[in-house]
Structure formats: structure tokens, C-alpha cells
Amino acid sequence: MRSFWRFAGGLLALLIAASATAADPAKVLRIAFPVAETGFDPVKVSDLYSNTVNEAIFDTLLTYDYLARPAKLVPKTADGMPEISDGGRTYLIHLKRGIYFAPDPAFKGQKRELVAEDYVYSFKRFADPSNRSPYAFMIQGRIEGLDEATEQAKKTGKFDYDAVIPGMVALDKYTLRFKLTKVDYLFPYTLAHVVFGAVAREVIEAYANDTNAHPVGTGPYMLKEWRRAARIVLEANPNYRQEVWDFQPNADDAWDQRVVAAMKGKTIPQIGRVEISVIEESQSRWLAFNRKELDLLAVPPTFVGEALDDQNNLLPQWTAQNVTLFRAIDPSVGYSFFNFRDPILGGFTKEKIALRRAISMGYELGQEIAVIAKHQEVQAQMPIPYGVVGYDPNYRDVNQYDPALANKLLDYYGYKRGADGYRTLPDGKPMVIHMATGTAAIDREYSELWKRSMDAIGVRMIFDPGKFADHLKAAKACQLMMWQAAWTADYPDGDNFMQLFYGPNTGESNNGCYESKAFDAMYERSLTLSPDSVERQQLFIDMTRQVQVDGAWSLHASPIRNQLIRPWVLGYKKHPILNADWVYMDLEPRS
Amino acid sequence: MSAYIIRRLWQMLPTMLGVVLLVFFIFNWVGGDPAYVLAGKISNQEQIDNIRRQLGVDQPYWVQLGIFLKQIVTADFGASWSTNERVSHILLTRLGPSLTVLVPLTILATLISIGLALAVAYVRGSFTDRMVMIVCTVGLSISILVYIIVFQYVFAYKLGWFPVQGWGDSFIQNLFVYASLPILIGLVVSIAPNLRLYRTFFLDEINQDYVRTARAKGVSENRIMWIHVLRNASIPIITFLMAELPGLLLGSFLIERFFSIPGIGREVILAVERSDFPVIKAITVYVAFATIATNLLADLTYKAVDPRVQLK
């Protein structure tokens with residue numbers, strides 16, 4: 001009899017524990033994507049929204065602390081941070097045990113544990129040319145033997161997944177060793193990047209014809225329903241490990257305190273179901289949020305005036321509904337690059353540098369922020385945006401808006417004004433600056449602002465509208481004179497932005513074809529230093545100064561995200577790199 | 001009749017070939033190189049070349065054209081370059097939502113327009129006729145975008161009569177809940193031009209001698225209008241309707257976008273934005289085929305409606 005009661009007590013305890021840990025299926029979060037996703041095979045997709053979903057489905061070895069700012073790496077499936085040896089070339093990683101993939105027919109009814117070989121396989125997929133991965137650049141040339149495997153696959157037409165790659169070995173079931181081709185302190189960021197989440201080989205092989213439609217990972221959610229470009233439904237992964245919400249608030253941050261008070265000690269995830277609708281039109285998203293059909297909304301720029309007052313505070317109609325606002329600067333920077341191989345704009349002679357800097361000083365950035373962005377941008381002072389390692393809040397761009405100085409510079413270097421008010425080149429030949437642009441309404445707004453700004457300093461600017469792919473092709477061939485672009489952090493380190501100026505990256509990511517020996521030397525030095533090194537921080541500032549003195553970019557702004565949050569949503573905080581915030585959130589009953 | 005149909009089908013070949021050549025060369029000239037987009041944020045020439053090789057866009061034009069022709073013959077356009085989804089699956093799954101809106105819309109718009117046009121043609125020159133024409137002219141002058149924005153705001157958001165946006169899994173729910181407002185907007189937009197056009201067709205017939213003769217013989221006005229006039233005016237109406245039918249395959253981009261309807265119109269725009277040639281090729285070819293087929297159908301319908309029509 002005693003044993004019966006012991007058994008019954010144990011069973012009851014198990015039931016209570018199970019109910020405390022399981023995500024509640026009744027908690028349904030409804031959100032919207034403004035752009036359609038493309039699929040959910042981590043190796044094949046590169047768009048933000050597909051990767052947002054993947055972040056909830058697949059587990060990377062490392063991730064970021066939900067609350068820490070600036071973003072801080074923490075282990076995810078790794079049992080502790082990597083052990084780095086060999087002067088930064090070898091990374092040894094131990095996996096946590098007892099992590100299981102979400103159930104799938106490919107596992108034939110068995111519970112499938114995550115092992116080190118899954119990561120080896122997942123990384124190999126990026127080197128397989130047949131996958132044509134948009135993120136192959138993150139491992140190319142970095143892991144010993146991987147490029148050779150790619151070359152072999154090109155010759156044979158098939159990637160050999162069974163071949164051993166010396167730089168990427170599963171030492172045992174739970175131990176993984178990466179050997180890099182050179183010292184690389186940024187490699188942990190690769191390990192935390194969403195695309196490097198673990199997939200199971202048998203799943204990929206079972207659904208080889210459409211891997212985009214069958215994402216199976218070890219993350220907190222699994223794909224329940226997918227109506228392409230319309231609706232994505234995620235449900236909590238029943239095999240998800242016991243993970244407790246235990247993040248530390250930033251000191252003196254009231255928002256963090258509220259988040260911690262609401263979430264601390266809860267199991268992850270709390271929300272049982274996430275319904276994502278693809279709603280492309282901003283009016284439709286806005287009205288859906290107004291009708292309480294969405295729980296969270298990034299305020300579309302056209303509706304900022306209906307959400308915020310002049311001081312960017314929530315309007316009373318929202319506070320009356322207990323809606324809260326979270327404002328965050330995105331780790332992104334807008335800029336216009338100059339082509340350093342262009343006969344009019346390019347080169348390092350003084351008059352060319354003066355021309356580029358004058359154009360930068362002549363651009364009315366304040367008008368962009370006030371009129372086009374409706375004050376939902378902050379001026380970028382460095383190519384490295386706020387919240388990213390290397391950003392210095394005290395640094396100021398040397399090419400601030402100053403049309404008077406821009407005119408003086410151009411006068412001084414012989415860019416004389418003609419009868420029509422436009423300047424000529426110092427040799428008297430006509431000077432026309434061609435700016436590549438898109439065909440959307442917002443592109444026309446930018447073009448008008450550029451035209452007005454350049455007219456004020458006598459620079460004739462002509463706009464060449466075209467398709468993104470065509471402009472990109474021309475830029476990579478160093479054939480675009482100027483083009484406005486933006487770069488969003490792949491990882492929260494200044495390197496991700498500084499590599500855009502690195503000479504050898506011309507034709508890859510250095511679309512301005514800027515090649516400065518001084519800059520390249522500093523950049524190469526920065527690669528050998530630890531991310532928390534003081535010297536590296538100073539190098540970022542020196543590199544910034546160099547590109548600004550050379551006039552490599554006309555630096556614009558970083559966007560501000562205004563997130564409206566219904567009162568029943570708990571634990572929201574926008575992370576600069578992570579996007580599937582709902583993994584760490586909870587819901588109360590709707591009112 | 002069968003000889004005529006066979007001849008017309010045979011004549012479709014050069015037309016289709018013209019469409020194929022036009023689509024192929026337009027896309028290759030202005031479509032942009034998809035490899036640069038698919039290669040991602042950071043890519044080198046080798047990766048781009050690898051993608052171009054896999055997509056087949058590095059092949060000589062005549063080889064690519066040959067592949068295109070083979071795809072048409074086998075009705076297999078492969079997979080989308082950006083999502084890897086089979087093109088056939090894209091068409092099958094997106095066509096349903098578009099047709100759920102556009103088929104009832106076309107039927108209702110046609111019936112209502114014909115009824116109203118007959119009525120105003122009958123009272124031509126009256127105050128009612130003038131007022132209807134003024135309303136139609138005003139209605140015609142307003143962009144569909146305005147109707148969508150205003151109707152979505154007023155009827156869906158403010159009054160709550162319809163959902164703001166969305167699409168479900170059940171056909172009945174989609175038709176009567178989610179498609180109702182899009183259909184209403186479509187009706188408002190299409191009835192005005194249809195009514196004006198059909199009115200002119202009916203007025204042309206009302207002034208014919210056979211109408212006067214029928215009246216002289218004492219035939220009722222209802223019979224004159226609904227039987228004699230409608231039948232004789234039906235040929236231009238059929239021509240107009242048949243010309244509109246292939247548009248069903250394209251969906252209504254703006255309506256689908258604002259109401260988040262996962263139809264073919266949105267898919268076309270997505271494909272163009274992503275330089276997704278397989279999807280664009282398939283849709284263009286099917287629309288061209290549908291256009292030619294409905295032209296043939298229109299000719300056959302003329303014969304059915306008016307036995308005096310000779311098919312040669």
C-alpha cells in the first residue's frame with residue numbers, strides 16, 4: 001500500500017512538473033510580417049523574415065543574452081562557451097546532453113538526440129555548391145579543409161558529406177572541434193548566427209526536393225502550418241528541453257526590471273502557438289493592430305503620426321488602452337558610396353577627395369530624417385551603428401552637413417560654376433554625377449532631396465533608376481558612380497561594417513571599390529585582436545576617420561523601430577540581432 | 001465547325017511562339033540578373049557564376065529558349081528560383097484564392113451591369129439616366145486604390161462589417177467572410193465602366209428598325225428589352241467579357257495585397273520583384289494561352305447566340 005502511495009505521489013509530481021514546463025497551447029501570439037518569407041531551410045534563405053522563423057525552430061551553438069546590451073554571446077546548445085586555443089585558431093565545443101529534435105516522420109518514431117555530427121553536417125551544407133547558400137561567405141576560407149571540399153564538389157558534381165573535414169570534426173557524440181585557417185576571434189559570432197542552426201541529415205535527405213518546407217530543429221518551436229507568403233503557424237516543440245528564463249536586467253533600466261519581474265523563473269517557451277500573417281500593406285497592418293487582431297506591431301512610417309506625438313511619446317488614445325511603446329535604434333546604417341574607380345569621383349587626389357567630401361557635406365541629412373523618415377532615424381556618425389562593438393557615442397562624423405564649407409571646398413579646388421549655376425571639373429570639362437536609384441516612391445523622395453542638396457552646391461546630379469540586381473551587378477564591377485544603400489548587422493561587431501571598405505573585398509561587399517593601404521593595414525590588424533581589446537576599439541575609430549577623410553561614403557542614418565505592444569504581452573524587448581523575441585515572451589489573457 | 005476549331009487551334013501556334021519570344025527577350029534584356037540577388041549580401045564572382053550555372057542563365061540564348069519551349073510543351077516550369085517551390089504548385093495553390101474573389105465578382109458585375117444598363121438605356125435622356133451617367137463618370141475617375149483604402153477603413157475597421165484582412169482554410173469562410181469586401185470593392189469599381197459601355201451597346205440596338213417593328217406589333221417592352229435587344233447586344237458584350245476572362249488568371253494585385261489574399265496577383269508581383277523567371281514565364285504563357293482560347297470561345301459563343309454568324 002505504501003508503495004502505491006509513493007507511486008501515485010511520484011506520478012502527481014510528474015504531472016505537476018509537466019504542466020509547469022509545457023508551453024500553454026491556449027496562449028496564441030498573433031504577429032505580422034510586412035514581407036513574404038521565402039522558406040525555412042537555413043542554408044538556402046537569407047531574408048530577415050524566413051530567418052526570424054528559423055531562429056525559433058533551429059538551435060545554434062551560441063546565441064545572445066536576451067537583455068544584455070550591447071549584445072552578449074552566451075551558450076545555447078553548447079555546454080559553456082567555446083574553449084579557444086592555438087592562439088585563436090582552434091575552438092573546442094561541448095554540447096549539452098539530452099537535446100532532442102522536434103518529432104518528424106523522418107525519425108521513424110524515434111526520439112532523435114542532437115549530436116556534434118549534426119553541426120558538422122549543417123556546416124558542410126554551406127560549402128556544398130549545389131545549395132548556393134547566400135551565407136557561404138561566413139565560413140569560406142575560414143575552416144581548414146572546407147574550401148578544398150567545395151572545390152572537389154565542383155569537380156565531381158557532388159559534395160561528399162561523408163568525407164572528413166580536418167577543420168570541423170565531431171570528436172565524440174557531444175564534442176565538436178573547429179580548426180580555423182587563421183586566427184579568428186569573430187568565429188563565435190558565426191556559431192551564433194541563425195543560419196548555422198543544427199539540421200538532421202535524415203530530415204534533409206528525406207525532404208530533399210523541398211527542404212524549405214520541412215524545417216525540423218531542436219528549437220522551442222516547430223512549423224505547424226505554412227501557407228506560403230500568407231500564413232505561418234508555429235507550435236511549441238514538445239521535445240524542447242527544460243530551459244528556464246533567467247536573464248539579468250541592465251542596471252537602472254526600468255523596462256528590463258519589468259521584463260524580469262514578468263518572466264523570471266518561467267520555462268521557455270511560454271507561448272504555445274505563434275500565428276504569423278504576411279500583411280504587406282502598412283494600412284492593413286495598422287488597422288489589424290487597431291482592431292486587436294495583432295498583439296505587436298512595428299509602427300509603419302506612414303502611421304507614426306497616429307501613434308506618437310512630436311516628442312515621440314505615445315498618443316493618449318494608445319496609453320488609454322495600456323499599449324506600450326518600445327523604441328530601439330536598429331543595428332543598421334544608411335549610406336551612399338562613391339566609386340573610387342570612377343574617373344570623375346574616384347581616386348585619392350586632393351580635388352577628388354574634396355569633391356566627395358563636399359557632396360557628403362552638401363547632403364541635407366536633417367531633411368532626410370525630418371521629412372522622409374519623419375524623425376524616426378538618428379544621424380549616423382560612424383559606419384558602425386549604435387549597439388555594435390566599435391561604436392563610439394562620442395565620435396562625430398568629420399563630414400557634417402555644411403553647404404557653405406562644401407561650396408568653399410569646391411571653389412578652392414577649381415570646380416568653377418558655369419553660367420547655368422552648375423560646376424565644371426577643374427579642367428573645365430562638364431561634371432555630372434550619376435546616382436543609381438530604385439523605382440519606388442521612397443526612392444523618388446531621396447532623389448528629390450539629393451537634387452535639391454546638390455543644386456545648392458552647384459553639383460549637377462542625374463538619377464539612374466533601375467532594378468536592384470542590375471545596380472548590384474554594376475556596383476560589383478565598380479561601374480556605379482554613386483548608390484544609396486544600407487547595411488544591417490549580421491553580427492554585433494564593427495568588423496561586419498568595416499569589411500565593407502576592405503580593399504580585397506572589392507567585387508564582393510566593397511561596392512565603392514575603396515582601396516586604401518592605410519585602411520587595409522588597420523583592418524588587417526583588427527582581425528588579429530580580441531573583440532574586447534582596447535587597441536581594436538581605437539582601430540575602429542582610426543579606420544572610421546580614414547574613410548571619412550578619404551570621403552568613401554556619405555553617411556546617412558540608422559532607423560528607429562517603434563514597437564507597439566498590447567498590454568497582455570509580457571517580456572518584450574527588442575534585441576539588436578535576435579528577431580524571434582516571442583521565444584522569451586509570455587501572454588496574459590486578452591482584455 | 002470542327003474544321004474551324006482545328007484551324008483556329010493551329011493558328012494559335014505562331015501567336016504563342018510570338019508571345020514566348022517576346023517574354024524571353026524582354027526578361028533577358030530588362031529582367032536583371034537573378035544570380036546577384038540570390039547570391040546574398042556578400043558574394044564573389046565565382047559564387048555568382050555558380051548560381052548562374054545552376055539556373056542555366058549562363059547558357060547561350062538559343063539553349064535557354066530551347067529549354068523554355070520544352071517547359072511549355074511538357075507544362076513543367078521547374079521550381080521557383082527564390083523559394084524552390086514547384087511552379088505548378090504555386091499556380092495551383094494561388095489560383096484558388098484569386099478565383100474565389102474574381103469569379104463571383106465577374107458574374108455579379110456582369111449581371112448587375114447588364115440589368116442597370118438595360119434600365120438606363122430604356123429611359124435614355126431622362127433625369128435618372130443623366131444622374132446614373134454622372135455617378136458612373138465620377139466613379140470611373142476615382143482610382144481603385146482610393147476605393148480600397150476608404151472601404152477598408154470605413155466598412156472593415158470603423159463599422160466592423162468585414163475583416164480588415166485575412167484568408168482562411170475553408171472555401172465558404174473565404175467566400176462569405178474574407179472575399180466579401182474585396183468583391184464589393186470590385187463591383188463598385190467595375191460596374192461604372194461596364195454600365196456605360198453596355199448602355200451604348202443597348203442604345204445602338206434600341207434604335208434599330210426591328211425594335212420599332214416589334215413595338216408596332218405590340219410586343220411587350222419587357223420582351224423587347226430582355227429578349228430582342230439583349231440578344232442582339234450580346235455579341236459586343238461577349239467580346240468584352242471574353243477579353244476580360246484571362247485577367248482572372250492574373251488576379252487583382254492591389255486587392256490581394258491590401259486584403260492579404262494569397263492569390264496569383266501577389267505572386268506575380270513577388271516574382272517580378274525577385275526576378276523569378278520560372279514563375280513569370282509560366283504565368284505569362286498561361287495567360288497568353290487563355291487569351292487565345294477565350295478568343296476562340298468568344299467566336300463559338302457568337303455562333304451559339306446568333307445563328308446568322310458564320311464561322312469561316
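1. Chain B averages a pLDDT of 88, and 99% of its residues score at least 70, pLDDT being the predictor's confidence in each residue on a scale from 0 to 100. The model is predicted, so local features need pLDDT of at least 70 and side-chain atom pairs count only at pLDDT 80 or more, while totals for chains, interfaces and linings use all residues. Residues are numbered from 1 along each chain as its sequence is written, and chains are lettered from A and ligands numbered from 1 in the order in which they are written. The model scores ipTM 0.85 and pTM 0.87.

2. Chain B is assigned domain 1 (2–74) and domain 2 (90–274), with bounds that come from an automatic or database domain assignment. The C-alpha centres of these two domains of chain B lie 35 Å apart.

3. The largest nonpolar core has 224 residues, and Ala358(A) and Phe202(B) have the most contacts inside it. This core draws at least three residues from each of domain 1 and domain 2 of chain B. Such a core is a set of buried Ala, Val, Leu, Ile, Met, Phe, Trp, Tyr and Cys residues joined through C-beta atoms within 7 Å; a residue is buried if 20 or more other C-beta atoms lie within 10 Å of its own, exposed if 12 or fewer, and partly exposed in between, with C-beta atoms placed from the backbone.

4. In chain A, an open sheet of five strands has the order 16-15-17-13-18, with mixed pairing. Strand 16 (460–465) and strand 18 (553–555) of chain A stand at the edges with a single partner strand each, so one side of each is left without a neighbour in the sheet. Strands here are DSSP runs of E of at least two residues, and helices are runs of H or I of at least four, numbered from the N terminus; two strands pair if DSSP finds at least two bridges between them. Strand 15 (residues 432–437) and strand 17 (residues 482–488) of chain A run parallel and are joined by two bridges, and Met435(A) stands opposite Met482(A) in strand 17 of chain A.

5. Two cis peptide bonds deserve a look. One joins Arg69(A) and Pro70(A), with omega about 0°, and Pro70(A) is found in the loop between strand 2 (62–64) and strand 3 (73–75) of chain A. The other runs from Ile268(A) to Pro269(A), with omega near -5°.

6. Lys108(A) has a phi near 50°, a positive value in a residue other than glycine, and counts as exposed because it has 9 C-beta neighbours inside 10 Å.
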